Amino acid sequence: MSEEKKYPIDKVTYPIQKFIQQEKAGGIVLGISVIIALFLANSPWSDQYFEFFQHKIGLQFNGESFLNYSFIHWINDGLMAIFFFVLGLELKREIVGGELSNPRKALLPIAAAFGGVVVPAIIYLILNPTGEVSSGWGIPMATDIAFALGVLYLLGSKIPLSLKIFLTALAIVDDLVAVLVIAFFYTSEISFVSLSIGLGFVLIMFIGNKMGVRSILFYAFFGIIGVWIAFLLSGVHATIAAVLAAFTIPADMRIGENAYIDKIQHYLKKFKAMDANDEIPTLTNEQLHILDKAKEGTKEIIPPLQRLEHAMHPFVTFIVIPLFALANAGISLSIDIEQLFSTNVAMGVTLGLLLGKVIGVVGVTLLLVKLKVAPFPEGMNIRNLFGIGLLAAIGFTMSLFITSLAFTEEVYMTQAKIGIFTASLIGGVLGYMLLNKKN
């Protein structure tokens, strides 16, 4: 029997594939993107950096422009819609068969997430009760899954699996609440005609699901051409369209696992029975036919939801989120102290994330455990619960995104971003130190 062939290109692709498959890889790439954005924003090329993302691109027909938006708008409303679509797929998977499918198991992280959402918003509003600055209350509500889990996975086997599951479930619920907040509180004037058309396309996708349509092209066509464009024109943020579309994707297997095993074993036997010739670099038509059948059988057992999530996750992790960071994380550090503290935006975001997340997550969790509503996850104690609370204060991607929706004044956006960076850095470092500490 011949061994698998190795080619020179494997020496290049194998290390890249190995890196991409690591859980912490997304956090590392995101961190590098932030550093590049900060460098460009404070370099001699800062003007070109900021101007680049203001260039517009769109469609032109019969002398009229359509969907003519700046690069940063396309990133925040277009590419980030893909991020929210994958987030929606993850949410549905967790609800259908993951950590949020068992009510008793899910109760603690869900309650902790709500505590970690409400308390930061209250702290922010106490410091910024009126005026345009008050609209930033949603900024300290979110936890960045990629960064928070990236820090957690750096600790390796020192952290029990239950903690990783707890933080993942907490961050997913946290993001779901943030999506709802965006939908209800961060929308512009609503065109009910466009919104109705968009919801009509969502209904078509939902009916397709119930009728057994499993074609990815069907959902891509109605999701992008129908739902996304309609929501983009409606005034309701297009990211909401992405989450709604994700929830219409089928999450069930067409055949059972045992039936799949029997089918694949049947095709393997037929393939093995054929005359194999390793000297010939191509396959026969009969071999190709059998492999096609086996591939079809494999497609039947993988739910379309998981196929899409698996296929799109690397693109989102290594293209979409880094591009978002490059476009949004660049802030000029030449801002003077007086301007930085001309409002309480920076303080509200920093304290909202750092104090609010810890108080909300830790406080609600301990309350439910003390009331015996839910038990501590196996392996969790008070110290690493505080560590999880600090990691939840890393509110990077979603916090930056809500900042772009909450404010129009550049100075407020800069103040909020500095608050996000400060809290995320302190929360990440302290959380790592606390969780890394030996018992």
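**Calling the terms: salt bridges, burial and cores**

Biologist: What makes Lys 263 and Glu 300 a salt bridge?

Modeller: The side chains of Lys 263 and Glu 300 meet at 3.2 Å, N to O. The cut-off is 4 Å between a Lys or Arg nitrogen and an Asp or Glu carboxyl oxygen, so the pair qualifies. This is a predicted model.

Biologist: Why is the pair said to tie parts together?

Modeller: Lys 263 is in helix H11 and Glu 300 in helix H12, so the bridge links parts 37 residues apart in sequence.

Biologist: Why is Lys 263 called partly exposed?

Modeller: Its relative accessibility is 29%. Buried needs under 20% and exposed needs over 50%, so Lys 263 falls in between. Glu 300 also counts as partly exposed, with 24%.

Biologist: How many salt bridges does the rule give?

Modeller: The count comes to four. Among them is Asp 174 with Lys 357, whose closest N and O atoms are 2.5 Å apart.

Biologist: Where do Asp 174 and Lys 357 lie?

Modeller: Asp 174 is in helix H7 and Lys 357 in helix H15, so this pair joins parts 183 residues apart in sequence.

Biologist: Are Asp 174 and Lys 357 buried or exposed?

Modeller: Asp 174 has 1% relative accessibility, so with a limit of under 20% it counts as buried. Lys 357 has 0% and is buried too.

Biologist: What makes Arg 93 and Glu 309 a salt bridge?

Modeller: Their side chains meet at 2.6 Å, N to O. That is within 4 Å, so the pair counts. Arg 93 sits in helix H4 and Glu 309 in helix H13, so parts 216 residues apart in sequence are tied together.

Biologist: How do you know whether Glu 309 is buried or exposed?

Modeller: Its relative accessible area is 8%, under 20%, so Glu 309 is buried.

Biologist: Why is helix H10 called largely enclosed?

Modeller: Eight of its nine residues are buried, so the rest of the structure largely encloses helix H10. Those residues include Thr 239, Ile 240 and Val 243.

Biologist: What covers the buried residues of H10?

Modeller: The cover includes helices H4, H7, H8, H9 and H17. H17 is itself mostly covered, with nine of its eleven residues buried. Met 398 is one of the buried residues in H17.

Biologist: Which residues touch the most other members of the largest nonpolar core?

Modeller: Met 398 is one of them, along with Phe 84, Phe 85, Leu 152, Phe 396 and Phe 407. The core has 114 residues. H7 gives the most to this core, with twelve residues. Another core, of seven residues, lies apart from it and includes Ile 255 and Tyr 267.

Biologist: Why is Leu 425 called exposed?

Modeller: Its relative accessible area is 58%, over the 50% limit, so Leu 425 is exposed. Leu 425 lies in helix H18. It belongs to a nonpolar surface patch with about 630 Å² of accessible area together. Helix H18 gives the most to that patch, with six residues.

Methods: Residues numbered from 1 in each chain as written. Predicted model: local features only at pLDDT ≥ 70, side-chain atom pairs only at ≥ 80, totals over all residues. Heavy atoms only, no water. Buried < 20%, exposed > 50% of the residue type's maximum accessible area, 1.4 Å probe, protein only. Helix = DSSP H or I, 4+ residues; strand = E, 2+ residues; numbered from the N terminus. Contact = heavy atoms within 4.5 Å. Core = buried A, V, L, I, M, F, W, Y, C linked by side-chain atoms within 4.5 Å. Patch = residues over 30% accessible without salt bridge, like charges linked within 9 Å, V, L, I, M, F, W, Y side chains within 5 Å. Areas by Shrake-Rupley, 256 points an atom, 1.4 Å probe, with all protein chains shown as cover.
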